[in-house]
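Subject: Structure handover

Hello,

Here is the structure I said I would pass on. My notes on it follow below.

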Amino acid sequence: MLGGLFVTPTVTAIVEALASARAEGPIAVVGHGRIAAALAAVREVTPVGLSPRAAKKLAGAVADTSGIADGSLAAVVGMAIAGDEAWAATLAAWSRTVRDGGAIVFVDRGYAPEASRRALCAGLSELEQRRAGRAVITSGLVTHL
């Protein structure tokens with residue numbers, strides 16, 4: 001019961017970021033089953049990279065983004081980019097799946113300046129950040145040149 005209490009503000013901030021980016025259509029949620037389940041109530045969601053136990057509970061779960069077609073998603077919502085050593089490859093893989101003008105939204109605990117830096121280095125534009133408790137929600141638009 002308390003899990004929903006802590007996820008709800010984060011999901012609200014993610015929904016606001018997606019609305020601000022005008023990301024209409026299917027999305028992928030990487031690495032967080034409860035957020036994927038909450039967003040699936042209002043959007044078409046592909047859960048990605050979940051534990052086997054969490055993947056059983058959510059329809060259409062996939063192991064990674066390699067099976068998702070290029071440019072087929074309106075957005076990708078991911079977790080913990082600011083602490084990821086392979087962040088550049090991760091953001092490149094996510095960007096590949098998002099259509100031109102779509103959004104990448106990621107959730108981190110703290111590290112707002114590092115999240116912004118990594119989003120800019122990955123080529124995202126029109127960055128926005130929101131706070132939900134200790135979580136920092138960073139969003140940006142993907143541009144395929």
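Does R118 count as buried or exposed? At 11% relative accessibility, R118 counts as buried, where buried means under 20% relative accessible area, exposed over 50%, and partly exposed in between (1.4 Å probe, protein chains only).

First, the conventions. This is a predicted model, in which local features need pLDDT of at least 70 and side-chain atom pairs count only at pLDDT 80 or more, while totals for chains, interfaces and linings use all residues. Residues are numbered from 1 along each chain as its sequence is written, and side-chain values use heavy atoms, with hydrogens and water left out.

Confidence

pLDDT is the predictor's confidence in each residue, from 0 to 100. The chain has a mean pLDDT of 92, with 97% of its residues at 70 or more. Confidence is lowest in helix α1 (residues 2–20), with a mean of 83, and highest in β3, at 97. Helices (H or I, at least four residues) and strands (E, at least two) are DSSP runs, numbered from the N terminus.

Salt bridges

A salt bridge here is a side-chain nitrogen of Lys or Arg within 4 Å of a carboxyl oxygen of Asp or Glu. By this rule there are 5 salt bridges.

- R118 pairs with E114, their closest N and O atoms being 2.6 Å apart. Both residues are in helix α5 (residues 112–121), 4 residues apart, which means a separation of about one helical turn. E114 is partly exposed, at 23% relative accessibility.

- D70 and R96 form a salt bridge of 2.4 Å, N to O. This pair links distant parts of the chain, 26 residues apart: D70 is in the loop between α3 (52–57) and β3 (73–79), and R96 is in helix α4 (residues 87–97). D70 is exposed, with a relative accessible area of 57%, whereas R96 is partly exposed at 28%.

- E128 and R130 form a salt bridge with closest N and O atoms 2.8 Å apart. Salt bridges that share partners join E16, E128 and R130 into one network. E128 is partly exposed, with a relative accessible area of 28%, and R130 is buried at 18%.

The loop between α3 and β3

This loop also holds G67, which is exposed at 71% relative accessibility.

Regards
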